Amino acid sequence: MEFRRLRQTIILYFLTICCLIHHLCGDNEKTNNDTNPIIVEDQVHVGVILNMGSREGKIVLRCISMALFDIYLVHNNYSTRVVLYSKDSKGEPMTALSAALDFLENNKVEAIIGAQTSVEANLLAEIGEAVKLPIMSLSPPLTDNKYPFFVEIMSTDEAAEIKGISALIEVFKWRDVILLYDNKDYERDFIPSLVNSFQENTHGSVAYKSSNIASSSSNEEIIEELQKLMKLKIKVFVVHVSHFLAPRLFLSANKLGMMGEGYAWIMTSTSMDFLHSMDLSIIESMQGVLGFKSSIPASMSLYSLTSRLRRKFYLQDPNMEAIRELSTDGIRAYDATWALAEAVERARLKNSMTRSSKGVVLLKDLLQSRFKGLSGEIQYLNRKLISSEPFEIVNVMGKGKIKRVEFWPCKEEKTKNSSRKQQLINSRRSLASTIDLERIIWPGGLKRKLSSNETIKLRIGVPIVRSGFEELVRVDRDPETNITQVTGFSIDVFKAAIVALPYEVHCEFIPYDDDKRNPDGTNYNDLVYQVYLKKFDAVVGDVTITSNRSQYVDFTVPYTDLGVGMLVRNDKDNMWIFFKPLSACLWITIVSFSILTAFVVWIVEHRTNKKFQGTPGEQIGTVFWFAFSTLVFAYTEKLSNNLAKFVVIVWVFLVLILTSTYTATLASMMTVKQIQLNSRENNIGYQSGALGVIVNPLNFTLAKSYHSVKEYIDALTKGSKHGGVSGIIDEVTYIKIFLAKYSADYSMIKTKSITNGFAFVFPKGSNLVHDVSMQIERLRQEEILIEMEKTWFHEKTTFMSAEDVTQSDLNTIDVYNFRGLFVISGGSLAIALFLFTVLSPRFRNLIRRELQSLRMFLSHLVYGTEQNCMPVPMQLVVHAVH
């Protein structure tokens, strides 16, 4: 047997290469559409009933076809050939039944492969029993297999799988579980056995058994049932549904947020075996699911089959998603077809036999098959395939990846010389000790899920903060009782995140007082390094995330604002600040245009409007009065000419925009003192310690360090001219604390995001980093962090963006900004003057006289004085011209 198998393997390796070359020229596999049938002594017709509209159905059909091609390529001396006839069940049991009847009547089939659902299996089993026809089913029947001609080609060791699920529940110490199963297909034996296993082995309970969903359920019905389960507040689910229902179930669960943090999902092999044939979007929605999957040993034959199948589907449809891995159904169908072909050859069916005798002989030889197939050892017992390989406990990762966590039963336990029951008991013990919890990804991206009974104890180092910033961390020690109390914004955030974890964490806060006795407070680099030295399990406080510290420890996500700001003193002593919003050139342009507009209005109105008449001095005064009164919308002169009204409307529109811009800019200037950040004439301060590293990136050359809030006030009060500073660079959180007390005299200019904010410190690889980070994000989304900031900081901060303060005169508006408006105003003046000139009576009389003079000149040229001729009267000349 081994020699024959070795010979087959060598031949297969050689023929695989030949087949790949052969497939470039055409497909020569044996199907029902062959154009060049092989001449043999006998042919056996076999029907295949699958859901051809599904990806899985297409793969299974191709695997069956390839199995026949391979076996007859290896055993070209066989005198019998299996001829396939395929029909589409369309996923409907009655369609499958109709296809089977059609096979019997028209194709005279002697075996049927198919039945992807239990309902189809029952219907085909009844037909097989009636006509003595072997039915090779991919799915078990709804009831016990009491059909002599019904063969289950899918191996599922339900007892082992049930024990494995119970072992997982015990490993994670879950007490309450929700069991979710298909109400039609899987209630018979599996569910009662699973419930009993929970109660006997885990001492837990099935809190709820949901069977109100089925493959025929609509998406709305699935969502309604899941919403009912969410109200139970139990987040551990064991799912035992068909692979047709599983995709819609998990898409609905993901939509309801049930695939997020805190949930746990365990799937049985019923649907997990088909995971690779599902769309990537469905696998993405199942991130964090644990499941049991039938194990298929890797081999060159399996690799060859997968490669050929992938190539064939690509040639048929290049847009089809590539086959990542063959499903268990496809591999088992391949092995079952191989076994059927060998059984047909052994039986040597003859035309003289009746249909019933052919079926009996074929079934007998099929059940006696024993060989090593792609899925392992092929052997049938009681018309069921015996499982020879353990289950794989797999974990659905992100981006559609699936990772094996462990085998069940554990391989090392299964090889021992012991009973089946003892093997499962040993495997249960082995699973608890060998399963790597660190490698498991749970829903929501959680890397480890601790049981509710596990308590973590943490020694947490806290800094002694700088003078004036006790709102972040404050350490008070009672000298009489020697009890240390730690409070502050950072402490409250950490406690809120820890309390929300699904497991208990006990925290002991220990103030860190280094040996150097630094008067400015704790050296934060030294404090963080204590976590690396394992003297502390975590650090909580105003610790900034830096790249250097990240080499030794892990940080959570920041719980404060990112970046640094500049603290400045409000400017109150500039008596000419009202001139600054507009540049000198713009002031001159506005005055010039206002006078020009008034002059044009005077030209249009002074002949008809008494308000614009009088002595020359009075008219000049009227022009200037009108010019400046329009700037404040205070003019009282009534205009009678439409051209004048047109000019004034355009000018008032321009003045309105200028006034609004001036008001906004002046308010900005009076609120915050503008400084040039890169100026070499200003001194800039910063907080001593970790923030000294930000001075060079911001290009400050005259920088001074300060230690406390009092020094901040002294330096800003003096200013750069008197030995102080024009502004102080610090992290936004520190500035908020400062402004909570001194917001009347100081403001913050938000500059650059060059720091990563404050975060909590944990050792490298700690699972708490992810858990606490998730809780911080939740606190931020629910605006709890904002409420904490208001409680501790009493926020009264004035912000301005970095773009508003990069130049000292950035708020000064120039002519360039309003060039368009001035063009419009100038154009209106030009149009008004032109129309006024054209439409005035004097201009019309002048044009009439000029035309008459031109006419006389032309007449003189044409009918001028000739020799000895009298002058011709003008009217005769005109008559002659006509």
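Start by selecting Lys90, which sits in the loop joining β2 (80-88) to α3 (93-107); helices here are DSSP runs of H or I with at least four residues, strands are E runs of at least two, and both are numbered from the N terminus. You are looking at a predicted model, where local features need pLDDT of at least 70, side-chain atom pairs count only at pLDDT 80 or more, and totals for chains, interfaces and linings use all residues. Residues are numbered from 1 along each chain as its sequence is written, and side-chain values use heavy atoms, leaving out hydrogens and water.

Check the backbone of Lys90: its phi is positive, about 55 degrees, though the residue is not a glycine. Lys90 counts as exposed because its relative accessibility is 59% (exposed is over 50%, buried under 20%, partly exposed in between, with a 1.4 Å probe and protein chains only).

Next, jump to Asn382, in the loop between β12 (376-381) and β13 (384-385). Asn382 is not a glycine either, yet has a positive phi of about 55 degrees. With 61% relative accessibility, Asn382 counts as exposed.

Now go inside. The structure holds four cavities of 30 Å³ or more; a cavity is a set of points on a 1 Å grid over the protein atoms alone where a 1.4 Å probe fits but cannot get out.

To see its lining (residues with an atom within 4 Å of a point), select Ser155, Thr156, Asp157, Ser294, Ser295, Arg332, Ser387, Glu389, Pro390 and Phe391. Colour them by class: two are nonpolar, five polar and three charged (Ala, Val, Leu, Ile, Met, Phe, Trp, Tyr, Cys and Pro count as nonpolar, Asp, Glu, Lys and Arg as charged, and the others, Gly among them, as polar).

Terms used
1 Å grid on protein atoms, 1.4 Å probe; cavity = no way out; pocket = protein on both sides within 12 Å on 5 of 7 lines; lining within 4 Å. Points joined across faces, edges and corners; volume = space filled by probe spheres on them.
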